[in-house]
There are 2 protein chains.
Amino acid sequence: MKPYANMSASELSALKNELEEAFSKHKAKGKKLNMTRGVPSDEQLSLCNEMLTCLSAEDYKAANGTDCRNYGGLDGIPEVKKIFADLLDLSADEVIVGGNSSLALMFDNVAVNVSHGVRDGKPWQSQGQVKFLCPSPGYDRHFTICNYFHIDMIPIGMGDDGPDMDEIEKMVSSDPMIKGIWCVPKYSNPTGIVYSEETVRRFSKLKPAADDFRIYWDNAYGFHDLYESKAVIPNIIRLCEEEGNPNMVYVFSSFSKVSFAGASITCMASSKSNCEYIRRRLTAQTIGPDKLNQLRHARFFKDSSGVLSHMEKHASILRPKFKLVSDMLQKELGGLDIARWTEPKGGYFVSFDSLEGCAKRIVALCAEAGVALTPAGATYPNSNDPKDNNIRIAPTCPPLAELSEALEIFCAAVKLASAQKYLNA
Amino acid sequence: MKPYANMSASELSALKNELEEAFSKHKAKGKKLNMTRGVPSDEQLSLCNEMLTCLSAEDYKAANGTDCRNYGGLDGIPEVKKIFADLLDLSADEVIVGGNSSLALMFDNVAVNVSHGVRDGKPWQSQGQVKFLCPSPGYDRHFTICNYFHIDMIPIGMGDDGPDMDEIEKMVSSDPMIKGIWCVPKYSNPTGIVYSEETVRRFSKLKPAADDFRIYWDNAYGFHDLYESKAVIPNIIRLCEEEGNPNMVYVFSSFSKVSFAGASITCMASSKSNCEYIRRRLTAQTIGPDKLNQLRHARFFKDSSGVLSHMEKHASILRPKFKLVSDMLQKELGGLDIARWTEPKGGYFVSFDSLEGCAKRIVALCAEAGVALTPAGATYPNSNDPKDNNIRIAPTCPPLAELSEALEIFCAAVKLASAQKYLNA
């Protein structure tokens, strides 16, 4: 098959009819398939089932003697702080362990800066219209937090090495109303790219016009490598320290895609001094996170290398799914010049770019044929994908057979929407 | 022994010397005892140890098929919503299940009204100096939330039937900057009193000057009765509905003193319409509370009557401790006219009133003799007990023998401080 762009009108018209007929057949099958959710599969979750029973009436105390059943402890039991600190290459007093939702840690951290200011500085809310930089496509729930707090979002282009650092440096150093930036530095959601060493270094060297500018470094996929050769990114906290910006970054980490997605443990990490400020808020806010669940994680994983070897089991389950996506897209769409997609080496998503103006149409077609996709545009601030061409593919949850069926319908939709676009052009 | 007030100066002086000598002996023993914490004892926590192992690799799904290990579900699995709804005599859609900290639910609920306003009304923060009414003595962590959000606190006197409703009605109906009130309606912290039916009805009939006034109804001890004859308070949500104030109250409930204090489940309850608003915020804020821990609670307690019969086991452990406090205070201090104390029928505290100006001194003396008490004043807004006479006694955690030793020292301190006061008067 030759590129659609090179086809004549009559070739395209014939192709479109053929594709429509094929698509009707897909619709007639009445499938119900779901590729919307970046969630672990049953098989992945079951890797941790031992954690459901690993505590007992004889085992509920942390190493420091804390009765994990009772009140007490705001920021994590020692064994879990150590696991996070080792994974992030930090010290335990740079880590604050949270509950089961790192999103909640991020939300709270924006909330406190909005209402109380960064480190008792002027609250963002009383400084005028606050803005965040939003490398896009990015994670929709970061954008939802900005929306919730009426923070303007400025999209920043994403390349293979990370976001457009020239643009970021220029804007951050010139506009004091830019107070933050969302980053997913490793296996970025949704593109799967890994920030280069150069990119991370440039982040640490930022000279913000606002002294209350903060980097929200959501390292959600920090140990979520698919292959033996693992991506490594520099330690942003150490780099910021070296550059004299020790308090500029908040790092977030989560076991949501390590243990149980809905019942995991999370942490935020930052300079010791930032952590002290945050603990003061925690004293007013909560009795502290569930220590029994922390202890379950400590018992099951034992230490940071236990976590890393566990991640290899996840990788064995996920590799064939990512390979299937890559193989099917290549087989169905390769050479047609109607799409590009990423081939991530980790994380949870494949980012797919259709012809401009086709993403919404493709998602709608898929819905007609019973395949649920993440809404087109969701990966952009305010769900506004200016080119209407980005679609996030989430291959982790469906079993291989279902994933294959869903991709078949997806590719048929892409071809049909593309042929229609060229015909109408 | 006759009342100190009736003693002559020489009698008092002799008494003071005698008490000082006795107290030196207590100090010499070098005890380390803790009566500060309103926390369950090891024995109480162990009542739930089965919960540590009640799930398994074959049992992790909720009744509606939800895999509790995975993402999904913002406000509780059906079986836990039903348990809370039954306990509170509400319907499930009036209940939002939270994580392990009801304090966090209260904090969040103040936070959202401060930053976003009540039901999208004008944010409290942009209306000027917000005030809360604070029946006192009360729960210090309520006051901490107000402090955190720079909310002025107005103390309201507490009687045996609840707070001074005349005062509350007058202030709430006349001052539009009064936006909230903290209530612990059953076995109030720390006095242990139960709001009368009349008091609860008057709350529901409030006609606030501010249409964004809210009652924070922290029913922390809703099923924490010590005796078979249980206190019953009217359903504030239904009453508010009947009075045409359906959205005026947020109710909070918690299993912190039912199951594991640090790893329990909590809920907030309000009108369906309020709950819908709150769910919108939750969508931005979190992936939702830990459903596996909810399922543990559902498996262990089965239903609301399972909870209530479990509470009888707590009562059997707690009754002798409260009796010991009552007996020892009566034996050591009865008839001296230097103190009053409450005899609660439930909850976690005994509230003790010394002579005016003596509470700080008593707590300091106890500290010298190795008995840690809640800081004097903690039960008042800004830790400011105007009479310096209230002390919160928390008898639940220490074993009986330790509690007895601690109370002996406490009574010795009360007598000494009182004799000193009369001598210096």
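In this predicted model, strands β10, β11 and β13 of chain A form an open three-stranded sheet in the order β10-β11-β13, with antiparallel pairing. β10 and β13 of chain A are the edge strands, each pairing on one side only. From one strand to the next, the twist averages 20°. Strands of a sheet pair through backbone hydrogen bonds, in either the parallel or the antiparallel sense.

β11(A) covers residues 350-354 and is mostly covered, with five of its five residues buried. V350(A), F352(A) and S354(A) point one way from the strand, while S351(A) and D353(A) point the other way. Side chains in a regular strand alternate between the two faces of the sheet. In β11(A), the residues pointing either way are all buried; buried here means under 20% relative accessible area.

| Strand paired with β11(A) | Residues | Sense | Bridges |
|---|---|---|---|
| β10(A) | 339-341 | antiparallel | three |
| β13(A) | 390-393 | antiparallel | four |

On the β13(A) side, V350(A) has I393(A) as its bridge partner, and D353(A) is bridged to N390(A).

Chain A also contains a helix pair. Two packed helices are described by the angle between their axes and the distance between the axes. Helix α4 (residues 102-116) and helix α9 (residues 272-285) of chain A pack at an angle of about 100°, and their axes lie 12 Å apart. Angles of 65 to 115 degrees count as roughly perpendicular, so α4(A) is roughly perpendicular to α9(A). α4(A) contributes D108(A), N109(A) and V112(A) to the contact, and α9(A) contributes I278(A), R281(A) and Q285(A). By class, the contact between α4(A) and α9(A) has two nonpolar, two polar and two charged residues.

The remaining points concern chains A and B. Chain A is superposed on chain B by a rotation of 180° with 0.0 Å of shift along the axis, at an RMSD of 0.0 Å. The two copies are therefore related as by a two-fold rotation axis. Within chain A, T53(A) has the C-alpha nearest the axis, 2.5 Å from it. Of the interface residues of chain A, 100% are also interface residues in chain B, so the copies meet through the same surface.

Notes: Residues are numbered from 1 along each chain as its sequence is written. Chains are lettered from A and ligands numbered from 1 in the order in which they are written. This is a predicted model: local features need pLDDT of at least 70, side-chain atom pairs count only at pLDDT 80 or more; totals for chains, interfaces and linings use all residues. Side-chain values use heavy atoms; hydrogens and water are left out. Buried means under 20% relative accessible area, exposed over 50%, partly exposed in between (1.4 Å probe, protein chains only). Helices (H or I, at least four residues) and strands (E, at least two) are DSSP runs, numbered from the N terminus. Two strands pair if DSSP finds at least two bridges between them. Axes are lines fitted to C-alpha atoms, for helices over the stretch in contact, and angles run from 0 to 180 degrees between N-to-C directions. Angles under 35 degrees count as roughly parallel, over 145 as roughly antiparallel, 65 to 115 as roughly perpendicular and the rest as oblique. Contact means heavy atoms within 4.5 Å. Ala, Val, Leu, Ile, Met, Phe, Trp, Tyr, Cys and Pro count as nonpolar, Asp, Glu, Lys and Arg as charged, and the others, Gly among them, as polar. Copies are superposed by least squares on the C-alpha atoms of residues with pLDDT of at least 70 in both.
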